[in-house]
Amino acid sequence: MMASRSAVSFVLLHVSIILLILRNDKVAAWQIGSNNGSRVAARKTNTVGTTAVSHHNPSDDGQPEITSTPRRELLFLIPKMAAATTIATATVMTLPQQRALAAGGMTADSARDQWKNASPAIDELLQNWSTEKWAEEVGGGDIIRTKLGQMGTTSPLFQIEKALKALGDSDYVDDFIEFTETGEEFMDALYQADSLANSSNLKTGSGKQTPPAVFIEQSRKEVEKMQSIAKRMDAMVK
């Protein structure tokens, strides 16, 4: 609460400075107008006959003087003030909020819930695996990819990498390094399984084609790796 009040006071201070600068800008503009009027009156007073006696001033030739006005100074101050405000706002964020921001806005609790649903989804995929059926269907590999969360958003494995990031940074995991390294193994197996499942939908060349069942069976082996790694990761999560 104290940190939040400090941040508000910090922002209000900068707003007050901006208003003060704008007010001074109006005063300066009035002073410049008065000085210009005085110079015009002086030229008229010093005129004798048809000969005018006047001092040369760049502004008399229509060339504006380059001066440092409050408005010009304000333009230089605004980026610095914005950066300072951003830093002040970041300092008042709690550690869980900073971790959630780094993980794409996902909280530790939601990440834990997603992971708890992801492991059973892998078990169900392997339990209902049907290499022959999926090999016969056009685009059968997409069934595997959907279950792996790489197509559509219905699978618990959808954006699982963000969940693992948030979970690894949370208090639900004691050994951050081990969990992170194991999570990388898990993601490697997932991407490999997805790639092989996708290959079952594609032609391999102009010659003899590799049967889709070959790629689907290779994908199954990668999903089995995922299952094994997931069990190790389950033991790391409180």
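Start at helix 4, which passes helix 9 in a left-handed crossing (the near helix is turned anticlockwise from the far one by less than a right angle). Helices here are DSSP runs of H or I, at least four residues, numbered from the N terminus.

This is a predicted model, where local features need pLDDT of at least 70, side-chain atom pairs count only at pLDDT 80 or more, and totals for chains, interfaces and linings use all residues. Residues are numbered from 1 along each chain as its sequence is written, and side-chain values use heavy atoms, without hydrogens or water.

Show side chains next. Contact means heavy atoms within 4.5 Å.

Now pick Met226. Met226 touches Ile122, Leu148, Leu157, Phe186, Ala189 and Leu190, leaving out residues up to four places away in sequence.

Move to the largest nonpolar core, with 34 residues. Such a core joins buried Ala, Val, Leu, Ile, Met, Phe, Trp, Tyr and Cys through side-chain atoms within 4.5 Å; buried is under 20% relative accessible area with a 1.4 Å probe, protein chains only. Trp115, Leu157, Ile160, Phe186, Val223 and Met226 touch the most other members. Select helix 8 (176–199): its seven residues are the largest share of this core.

Finish by colouring on pLDDT, the predictor's confidence in each residue, from 0 to 100. The protein averages 76. Over residues 44–55, pLDDT stays under 50.

Technical notes:
Helix = DSSP H or I, 4+ residues; strand = E, 2+ residues; numbered from the N terminus. Buried < 20%, exposed > 50% of the residue type's maximum accessible area, 1.4 Å probe, protein only.
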